[in-house]
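Subject: Model for you to look at

Hello,

Here is the structure I promised to pass on. Please open it alongside this note; my findings follow below.

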Amino acid sequence: MKTLELFEKYVIPNYTRYPVSLERGEGAYLWDEDGKRYLDFFPGWGCCLLGHCPPKVVEAVQKQVATLIHVPNSWYQRPQGVWAQMLSERSFGGKCFFCNSGTEANEAAIKLIRMYGESEKRYRILTFENSFHGRTMGALTATAQPKYHNGVCPMLPGFVYAPYNDLEKVAEIVENDKELAGIMLEPIQGEGGVRFPAAGFLEGLRKLCDEHRLILHFDEVQTGCGRTGNWFAYQAFGVVPDTMSLAKTVAGGIAAGALVCKPELAEHLRPGMHAATFGGNPIAAAAGIATLEAIEEGNLLQKAKDNGEIFLKRFNELKGTCDLIEDVRGLGAMIGMELNINGTEVVRKCMERGLLINCTHGSVIRLLPPAILTAEQVHEGCDIICDVISSL
């Protein structure tokens, strides 16, 4: 039975899939069952910052899987502790809770914020329009996009939404909502269209949280662990959160997530209140350690910045000659090109020509390319994108 037939018969069709069955990957490339090669500018939905099957991660996982696959978190195991130390030292000196995905990391953050405000009966969390925080019910409610709520209402109580970049509206809510315990946002909105904070917005949120004793949580699931050319996006803006959630790039493509919080907040996530059976398992931890080491050894933070500059230059040049492009924005290996047409056709035509990209929010071409791309590979992909858009 062919792969597509297997899926049609046995797999729940909750994903819209391209009619392509992928067989293997290496570096910046993927191959399908028919042997066609694709240059991947959206590897693993942004998880594969190191590209496909990075040698250092592969070696670490192979070694670990032959030593110890899984033990429950009622025991200690060294890889998890080392991984936590490495994340702490590269961020704001926090403590880590490990899980398996970004939505789980955000669920942990929601619980921590509520437990932080418990003694004063504060539990509400402010999030922002066009945000995306995950698919489990708490994270989904935090996601202020009604299209994701359709069919699964009622949503959970305790969330209030504000327009992104509207600091005045946020201040009004904070002043009047005495049940508010925290503010949660992506420092750069990813699924919402690669949208950046306005000057002073994050600084203003930090000030409001300090004045009203609120937790400021950054969802860095998409922006964290090297994506923006910084270890974490907050470092690019100079605003330190109290907590942050990580996933995607944190373990080189192995399923993993983490909540990092300032040490003084860690006590709120007390024993028995939250857990993840596979969280921080030895395989994920080994992959996470190898990922952080590979980023440093390959100087990939700088490489992400250098490649990002090429992307922005190429797309801004195209914008000057093509009236289909409304805006170009990006930071490091996170690029958005906003069109005034639906971008689905661009994605399809690029795939036909052997380039994998993404369209989000209907009209924003989103690239989350691996940081290992050579300049030649960047230009190769840009040539295809520019040619496809120009042809439209």
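First, a term: two strands pair if DSSP finds at least two bridges between them. Strands (E, at least two residues) and helices (H or I, at least four residues) are DSSP runs, numbered from the N terminus.

The model is predicted: local features need pLDDT of at least 70, side-chain atom pairs count only at pLDDT 80 or more, and totals for chains, interfaces and linings use all residues. Residues are numbered from 1 along each chain as its sequence is written, and side-chain values use heavy atoms, with hydrogens and water left out.

For angles, axes are lines fitted to C-alpha atoms, for helices over the stretch in contact, and the values run from 0 to 180 degrees between N-to-C directions.

β5 (residues 124-128) runs parallel to β7 (residues 180-185), and three bridges pair them. Across that pairing, Leu 126 stands opposite Ile 183 in β7.

Now look at β8 (residues 215-219). Five of its five residues are buried, so the strand is largely enclosed by the rest of the structure. Buried means under 20% relative accessible area, exposed over 50%, and partly exposed in between (1.4 Å probe, protein chains only). Both faces are covered. Ile 215, His 217 and Asp 219 lie on one side, with Leu 216 and Phe 218 on the other.

β7 and β8 run parallel and are joined by four bridges. Leu 185 stands opposite Phe 218 in β8. The chain gets from β7 to β8 through helix α7 (residues 201-212), in a right-handed β-α-β crossover. Right-handed means that, with the strands pointing away from the viewer, the path from the first strand over the helix to the second runs clockwise.

β8 also pairs with β9 (residues 243-246), parallel, over three bridges. There, Asp 219 has Ser 245 as its bridge partner.

The four-stranded sheet

This one is open and antiparallel, in the order β11-β12-β15-β14. Its edge strands, β11 (325-330) and β14 (358-360), each pair on one side only. Four bridges pair β12 (residues 335-339) with β15 (residues 364-367) in the antiparallel sense. Ile 335 has Leu 367 in β15 as its bridge partner. Helix α11 (residues 344-352) packs on this sheet and touches β12, β14 and β15. Contact means heavy atoms within 4.5 Å. The direction of α11 makes about 170 degrees with that of β14.

Best wishes
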